[in-house]
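Take a walk through this structure with the coordinates open.

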Amino acid sequence: MNTPVKAAIAMAVLAGLWAGATAYSGGRVKTEMILQAESLRAHTQSPIRIRKVDYQKGFMSATRTLELEFGCGPEQGGKDKVHTMVWQDQIQHGPLPGFGGFGAARIDSKLVLSDADRAELKKIGMDEVPVSLRTSVGFDGASNSRLLVSAFTIKPDAEMSLKFQGLDANLQLNKDGSARYTGKLPGYVIESPTKGFKAVIEGAEFEGEGLAPTWWALNGKGKGVMKAMRFEAPGPDGQARTLFAWTDVAYQQDGRVADQLFSAEFNLQGKAEVAGVTLESIGMKGRMQRLQAKGWTDFVRGAWSQGCQSSKNPQAEAERLMAPLLTLLPHNPSMSVDEFKLTMGGRSAEFSYSIGTQGVTAEDLKAPALAPVLMKKAQFKMAGKLPLGFIEQMLKASGKDMPPEVLSAQLDQAVERGFVRREGELISAEMEMSGGTMKVNGKPIPLPGMGPQPELAPPPAEPQAQ
């Protein structure tokens, strides 16, 4: 057999293999994308709904078109005007999708604007939606999506403008439902010069991982930073002033799933200014412990799909929304902010709280009324401590300072009634509920339906006039 014939046979074999791989990947991608759309279509009470799915498949490419509906109209029990838009996915089949790499598919997604949509965009200063989304799908079912939003400026009305500096985000999604994500948001400014209002975000970046099987509900390791968040508005004198500013923000998280229970810790640090009061540092440390992964995921999913539920029976809707949380209780779940620390003028105030349950059983959940069970088995704790100097600084900075003797007298009265404790310059208070008993600063107080308990000291008697 001569060389040209061998080459022709080899080319034919390769072409056959490529055609077979293209047909296989095309069929597989079609199945997955239709299943995905139909799954989302089932959420009929979501504020964003899929009304129609169309899939046109060719040999090397395909097009999926989704008709989206926004708003809570009469069908969802609401009164909003319903808007429709078209989402379209242009799909290139593997094994060399778009001849830009190896994989099962490459998908370019966009909103398809109607003439009416374009007219509305032009009113605010835009010709197109400045968004691009490209997803590469591997043969193992994993995907990599990149979302790019170009910088733009719009003016929704004569008094308001939005200057958006762009967004670059990436999501790597694995077949088992775990994911890794990154993003950069240079910033944006919402401003109304005539009203003196301004909201600013600067220099935000984030990265992290989501855990299988539902990455969007179960957070793993992650971190983020933000240079500044600031809100400005006119003060009583009409001059612009900072209502709130949060700067040099850094965030870290670390979560895991073990024995089907989700636990996580987070740490947040930064600086702040609130109504003219400067905080040299603001920090928060917290935890989520022993949350049943499935119950927590069902709750998050239900909260999203609850968006347009009719309000004809609010109690039934609340019970349906909260039902997944009940499955968490037998696992002794807890959520806490272990430290919320504010520092001003070298002095720090510290606060904390925790909430959870201990000892709830599956039988308890069958009780006709759950409230008595929770009263006995819920655990709640809240505490705070701060130096007297911090209180004085805060009052002075907010323009509500008072003579030291007046402040001291008020604190002494609170101590005498048992609301706070004082050790020299340190003021503290603690409230705790456990085993059906409520305590304030270590002293029991009565709870409804829990029987008589000692009360706090009564207020001091008013001095008799001489």
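A residue is called exposed when its relative accessible area is over 50%, buried when that value is under 20%, and partly exposed in between. Glutamine 260 has a relative accessible area of 62%, so this residue is exposed. Keep in mind that the model is predicted.

Start with the chain as a whole. It has seven helices and 22 strands. Of its 466 residues, 33% count as buried. The chain exposes about 27,200 Å². Carbon and sulfur atoms supply 59% of that area. Now look at contacts between residues with a separation of 6 or more. Residues 24 or more positions apart account for 51% of them.

Return to glutamine 260. Its place is in the loop between strand E13 (240-258) and strand E14 (261-274).

Side chains of opposite charge can pair when their charged atoms come close. The structure holds 24 salt bridges. Arginine 256 takes part in a salt bridge with aspartate 254, where the closest N and O atoms are 3.9 Å apart. That pair counts because the cut-off is 4 Å between a side-chain nitrogen and a carboxyl oxygen. Arginine 256 also meets glutamate 265 in a salt bridge, at 2.7 Å from N to O. How accessible are these partners? Arginine 256 has 33% relative accessibility, so it counts as partly exposed. Aspartate 254 is partly exposed too, at 25%. Glutamate 265, with a relative accessible area of 31%, is partly exposed. Shared partners join Lys221, Asp254, Arg256 and Glu265 into one network of salt bridges.

Another salt bridge links glutamate 363 and lysine 366, at 3.2 Å from N to O. Both of these residues are exposed.

Now turn to nonpolar surface. Met335, Tyr353, Ile355 and Met382 make a nonpolar patch of about 350 Å². Isoleucine 355 lies in strand E17, which covers residues 347-357. Its relative accessibility is 46%, so isoleucine 355 counts as partly exposed.

Helices next. Helix H4 covers residues 314-326 and has 13 residues. From its first C-alpha to its last it reaches 18 Å, close to the 18 Å expected at 1.5 Å a residue. Where does H4 bend? The bend is at arginine 320, and its angle is about 30°. Proline 324 follows within four residues of that point. The buried residues of H4 are Glu317, Pro324 and Leu325.

Helix H1 covers residues 3-41 and includes serine 39. Serine 39 is at 45% relative accessibility, so it counts as partly exposed. The C-alpha atoms of serine 39 and isoleucine 50 are separated by 9.6 Å, with the two residues 11 apart along the chain.

Methionine 375 belongs to helix H5 (residues 371-377). It has a relative accessible area of 25%, so it is partly exposed. The C-alpha atoms of methionine 375 and glycine 436 are 5.4 Å apart, although 61 residues separate the two along the chain.

Proline 213 sits in the loop between strand E11 (197-210) and strand E12 (219-234). A cis peptide bond joins alanine 212 to proline 213, with omega at about 5°. Asparagine 441 sits in the loop between strand E21 (437-440) and strand E22 (443-445). Its phi is near 55°, again a positive value in a residue other than glycine. Is asparagine 441 buried or exposed? Its relative accessible area is 10%, so it is buried.

Serine 428 lies in strand E20, residues 426-434. Its relative accessible area is 17%, so serine 428 is buried.

Technical notes:
Residues are numbered from 1 along each chain as its sequence is written. This is a predicted model: local features need pLDDT of at least 70, side-chain atom pairs count only at pLDDT 80 or more; totals for chains, interfaces and linings use all residues. Side-chain values use heavy atoms; hydrogens and water are left out. Helices (H or I, at least four residues) and strands (E, at least two) are DSSP runs, numbered from the N terminus. Buried means under 20% relative accessible area, exposed over 50%, partly exposed in between (1.4 Å probe, protein chains only). Contact means heavy atoms within 4.5 Å. Accessible areas come from the Shrake-Rupley method with a 1.4 Å probe; for residues, only the protein chains shown count as cover. Patches are made of residues with over 30% relative accessible area and no salt bridge: like charges are joined within 9 Å, nonpolar side chains (Val, Leu, Ile, Met, Phe, Trp, Tyr) within 5 Å. The expected span of a helix is 1.5 Å times one less than its number of residues. The bend at a residue is the angle between axes fitted to the seven residues ending there and the seven starting there.
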